[in-house]
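Subject: Structure handover

Hello,

The structure we spoke about is below. Please open it beside this email and follow along.

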Amino acid sequence: MTSQPALPEIRAVLWDVDDTLFDYTTADRAGMRAHLLAERLLERYGDAEEALAHWRRITDEQWARFAAGEATFEEQRRDRVRVFLGRPELTDAEAEEWFGRYLRHYEAAWALFPDVLPVLDALAASHRHAVLSNSNLRVQEHKLTVLGVRDRFEVLLCAAELGVSKPAAAAFHAACEALELPPHQVAYVGDHPEIDGRGAHEAGLLSIWIDRDGVHTLGDAEGGPRRISPLAELPATLGTDSRFGAPSTFR
């Protein structure tokens, strides 16, 4: 591994949510499979994996429209349903009802990654914590509350309300401003090598990319995002000794 320069003083950790704290991929797959079985739609595909892969492709395409400002959060969600079912004539209400039935199965599968609580506990006394997500505030507020960790984060910002999405520097800078800290005193932890890893680095934050599956190619180039796997490496990456550091009380 290429040696890294000394860390600046990091006073806060800014977190991504989906596939960083929350196991979105597993919940989405389990929820959609249960939903398709209930809707009697699996027979349209060769097998469940094909159906799930099709849903994920459509989700990525529609999410890209939302991130680019071409659709609202609600519009991209309804269009995911229309494209997946091949039924562009669905009304907004019909698409929302179908998505709502999926959500019940999806939420039943929600879980944090098992390494999240130990790391949050290890950093509780040394760093402040906040969230920056390319989602909707209502969705992520609800999710973090159900998962039992909402009170761990003093700030929660989402792209739908900010009007700007990661990897734009303005999204990261808005979170730093909410924390009243300069970017070089904030670390960002996320799972996507470009949206999170490179985006946070180019915005001037200490970028820490968690490579949970090991399939990406973004390296540990000097001065670039720092790669960790698993999340348990984060305290050491921050140089944390839990006896010292910033107080855990919110400002």
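Predicted model: local features only at pLDDT ≥ 70, side-chain atom pairs only at ≥ 80, totals over all residues.

Helices (H or I, at least four residues) and strands (E, at least two) are DSSP runs, numbered from the N terminus.

Residues are numbered from 1 along each chain as its sequence is written, and side-chain values use heavy atoms, with hydrogens and water left out.

Buried means under 20% relative accessible area (1.4 Å probe, protein chains only). In α4, the buried residues are Ala95, Trp98, Phe99, Tyr102 and Tyr106. They pack against α1, α2, α3 and α6, where contact means heavy atoms within 4.5 Å.

Now the sheet. Two strands pair if DSSP finds at least two bridges between them. Six strands form an open sheet with parallel pairing, in the order β3-β2-β1-β4-β5-β6. β3 and β6 are the edge strands, each pairing on one side only.

Strand β1 (residues 12-15) is covered on both faces: Ala12 and Leu14 are buried on one side, Val13 and Trp15 on the other. Four bridges link β1 to β2, where Val13 partners His129 and Trp15 partners Val131. Another four join β1 to β4, with Ala12 opposite Val186.

Regards

Methods: Buried < 20%, exposed > 50% of the residue type's maximum accessible area, 1.4 Å probe, protein only.
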